[in-house]
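Open your viewer and get ready to click along. This is a short walk, one selection at a time.

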Amino acid sequence: MTVLLEMNELLDTLEGGLRGVLEARGIDNPVLIGIRTGGVWVAEALGKRLGLSEPYGALDISFYRDDFSRIGLNPTVTPSSLPFDTEGRDIILVDDVIMSGRTIRAAMNELFDYGRPASIILATLIDLGARELPIQPDAAGQTLALAPRQRVKLRGPEPLTIELQESGQ
Amino acid sequence: MTANDPSPTHLQLTRDGQLRHFLTLDGLERPLLTDILDTADSFIEVGERSIKKVPLLRGRTVVNLFFESSTRTRSTFELAAKRLSADVLNLDISTSATSKGETLSDTLLNLEAMASDMFVVRHSQSGAPHFIAESVTPGVAIINAGDGRHAHPTQAMLDMLTIRQRKGRFEGLKVAIVGDVLHSRVARSQIRALNELGAEEVRVIAPGTLLPLDVEDLGCTVEYDMARGMKDLDVVIMLRLQKERMEGALLPSEREFYRLYGLSQEKLSLARPDCIVMHPGPINRGVEIESAVADGPQSVILNQVTNGIAIRMAVMSMAMGGQMAERQQKLAGQQEGRA
């Protein structure tokens, strides 16, 4: 069984949350960085909504994953691309889904190898809970608690859709 | 492929097809070679960052085991390992234990006792890295940094990366390898890689005395006349004249060789106008190649060196990853057996 989630509503909520955080912290010139692959699609959508003229960055965290010693290197690694200097910038780090928090830890480790940002705000479309590290999003489109056989699947970039899938039994 | 398959393919790959040693390009197929090139592309981007290091091999020990001297290859392997955050030990064996009478096996046992995770091996005997890979403790990865006249797979792959950067593809390319093919481990690996990746034609251009017997069986055409051989070329790869390996009179003189097979501006003008010029180094100016060509706009010789670091980072991290994944699977299997 598959349920299509309402992408526009998710993005509305995420955008609203983000605007609130930016305003509260007095940040007027942030830069977006998406985590490949889904996070990049969400970053692109957010860039349009927030009216940011600067291009967004794309981060591939394969070289920073903490499961390299268990499963080896991800065979489909692509180069990270940050078309701006991150030194001293306010960064909005974007991913499609947050769960354990390990991806975000790896992404922050990678980000610091490019320079020292002024701040990092974390934005995720879906928060699935089940955290294994003390990392929380500053803004999320929706919080979902999945049943054991449920999973979410993001497709994109055009159109960007998200489904709640349930493997039948 | 069975568990007892003695082929290099079985030795180099885990059961699910991940790299675990890198000894030769023989038996490695296009998807894996493409994975290596793609991974290297990502490491090129790492080399452009403010901090040029990734944590993949943090806490691992890489031993550069060079039984034959080398500057470029050893230093790019060292830099590659350091950028992967590994600890690196450089051993110049020709001036060390073996000269005190220790056997290769004993040297290796001692190094393994220091908890090494990877050996990068260069040896004058063809097959030495293969021998080491067969006898080494499971979990330790072996990378061939050049063995005898047999293979130099990381050099061939950095050449492929350079070609793909400049040409964007392999299909339809005409590539010539010029000079001392007989003594060249690089040429063998290059011919294999170019054929597997789909180059249209691989041509060797050399005097008969500097070609191995049945060279066509490697998958190339042969041309003895350089002017004819340069026609329609997209890529020309010059080889170093390996004077130190030559026994007997294979050449009349260096000047004669340069006149016939050296790459001058004039000969280069016979190739396609966008033909790139490559050389594995070290170059002998005025012997294989004219200075103006080596330093000219069509030369990508220094790009090859930069790409060498990225390719070696790719191969080292993939082989180490394969070894670690295999170890995890074995552990899981043992736990299941106990349960």
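Predicted model: local features only at pLDDT ≥ 70, side-chain atom pairs only at ≥ 80, totals over all residues.

Residues are numbered from 1 along each chain as its sequence is written, while chains are lettered from A and ligands numbered from 1 in the order in which they are written.

**Stop 1: two helices in chain A**

Select residues 7-25 of chain A, which form helix 1, and residues 38-50, which form helix 2. Helices here are DSSP runs (H or I, at least four residues) and strands are too (E, at least two), numbered from the N terminus. The two helices pack at an angle of about 60 degrees, with axes 11 Å apart; axes are lines fitted to C-alpha atoms over the stretch in contact, and angles run from 0 to 180 degrees between N-to-C directions. Show A:L11, A:L14 and A:E15 from helix 1 of chain A against A:A45, A:L46, A:R49 and A:L50 from helix 2 of chain A. Contact means C-beta atoms, placed from the backbone, within 7 Å.

**Stop 2: where the chains meet**

Now bring in chain B: 22 of its residues are in contact with 17 residues of chain A. Colour helix 2 (30-46) and helix 12 (301-338) of chain B, the elements that give two or more residues to this side.

**Stop 3: two domains of chain B**

Colour domain 1 (8-151 + 306-325) and domain 2 (153-303) of chain B separately; these bounds come from an automatic or database domain assignment. Their C-alpha centres lie 26 Å apart, and the contact takes 26 residues from domain 1 and 20 residues from domain 2. On the domain 1 side, helix 12 of chain B gives the most, with seven residues.

**Stop 4: annotated residues**

Which residues does UniProt mark as "binding site"? The unreviewed entry places that feature at B:K100, B:R185 and B:R240; such annotations may be inferred rather than shown by experiment.

Select B:R185, in helix 7 (residues 185-197) of chain B. B:R185 counts as buried because it has 22 C-beta neighbours inside 10 Å (buried is 20 or more other C-beta atoms within 10 Å, exposed 12 or fewer, partly exposed in between, with C-beta atoms placed from the backbone). Its contacts beyond four places in sequence include B:D147 and B:H150.

Finish at B:R240, in the loop between strand 8 (235-238) and helix 9 (254-261) of chain B. With 19 other C-beta atoms within 10 Å, B:R240 is partly exposed.

Definitions and conventions: Contact = placed C-beta atoms within 7 Å.
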